[in-house]
Amino acid sequence: MTRDAPQANPLLSSGRLRFNAPKTVAGYARFRKVVEEDGALSASLKRLFVAAAACTKGYEAMARRELAQAATAGLTSEHAAAAMTILSSSRGEGAALRFAEVLSVTYPDDAVIEADEHPVEVEEGEAEGNFIKYFGTVPPSLRLLLDLVPTGADAYYLMREGTLSGTALEPAHAELLLVTVLAADYSSWASVHIDGARKAGATEAQIAEAILCAVPVAGLSAWVIGATAMEVPKGG
């Protein structure tokens with residue numbers, strides 16, 4: 001397993017930025033402090049959240065740096081690999097495979113495993129029941145899928161359920177990783193997973209820290225989008 005020594009953040013180390021914008025450097029240093037120190041969430045988890053969001057943007061060097069520091073802080077390969085599952089569902093094949101590459105560099109002895117496919121059956125009504133349990137109702141987009149492409153609805157249910165309750169991460173932490181990724185994409189859908197994180201036991205401070213993990217990847221607007229989503233009435 002890779003155990004890199006702590007490195008100075010490359011943006012904070014930029015002589016150009018230090019010369020041109022000392023207040024910007026001072027502010028960003030404070031955001032990095034939230035990510036890099038234990039708080040409402042552990043530093044290792046927050047580094048993982050940043051790495052996952054960086055993979056959705058194509059920032060592989062950043063993702064590698066963050067995941068290496070998460071490993072140094074004690075994040076296990078199984079917990080790190082959960083991000084690949086979550087990205088498979090939330091951001092698709094490209095982001096998930098990019099994270100897999102980063103994972104293989106950080107945990108070279110554990111990243112690649114062999115496993116047979118396990119067939120999973122979905123009973124009639126199972127997907128719809130799961131949607132109602134999670135959202136409180138069937139959102140229009142999923143009602144359309146149930147009515148027009150039932151196999152697609154089953155697929156959606158399986159991937160969503162595998163993402164939120166089928167990884168090594170606690171359900172609240174899986175939801176919070178999604179909050180970071182969605183805030184980094186400036187998506188209003190962050191509100192759905194903020195609500196899910198609350199139901200899974202996350203505190204408001206943990207939600208806020210997860211949103212702040214999007215700032216290194218997507219700038220100050222990520223906080224504005226995420227904080228706004230914290231206040232949006234929930235309803236699926």
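Predicted model: local features only at pLDDT ≥ 70, side-chain atom pairs only at ≥ 80, totals over all residues.
Residues are numbered from 1 along each chain as its sequence is written, and side-chain values use heavy atoms, with hydrogens and water left out.

**Helix 4**

- Helix 4 covers residues 60-72, where helices are DSSP runs (H or I, at least four residues) numbered from the N terminus.
- Its end C-alpha atoms are 18 Å apart, which agrees with the 18 Å that 13 residues should span at 1.5 Å a residue, the expected span being 1.5 Å times one less than the number of residues.
- Among the buried residues of helix 4 are Met62, Glu66 and Leu67, buried meaning under 20% relative accessible area, exposed over 50% and partly exposed in between (1.4 Å probe, protein chains only).
- After helix 4 comes Gly74, which has a positive phi near 110°.

**Salt bridges**

- The structure holds twelve salt bridges, each a side-chain nitrogen of Lys or Arg within 4 Å of a carboxyl oxygen of Asp or Glu.
- Arg91 and Asp185 form one of them, with their closest N and O atoms 2.6 Å apart.
- This pair links distant parts of the chain, 94 residues apart, with Arg91 in the loop between helix 5 and helix 6 and Asp185 in the loop between helix 10 and helix 11.
- Arg160 forms a salt bridge with Glu161 at 3.5 Å; Arg160 is buried because its relative accessible area is 10%, whereas Glu161, at 28%, is partly exposed.

Conventions:
Helix = DSSP H or I, 4+ residues; strand = E, 2+ residues; numbered from the N terminus.
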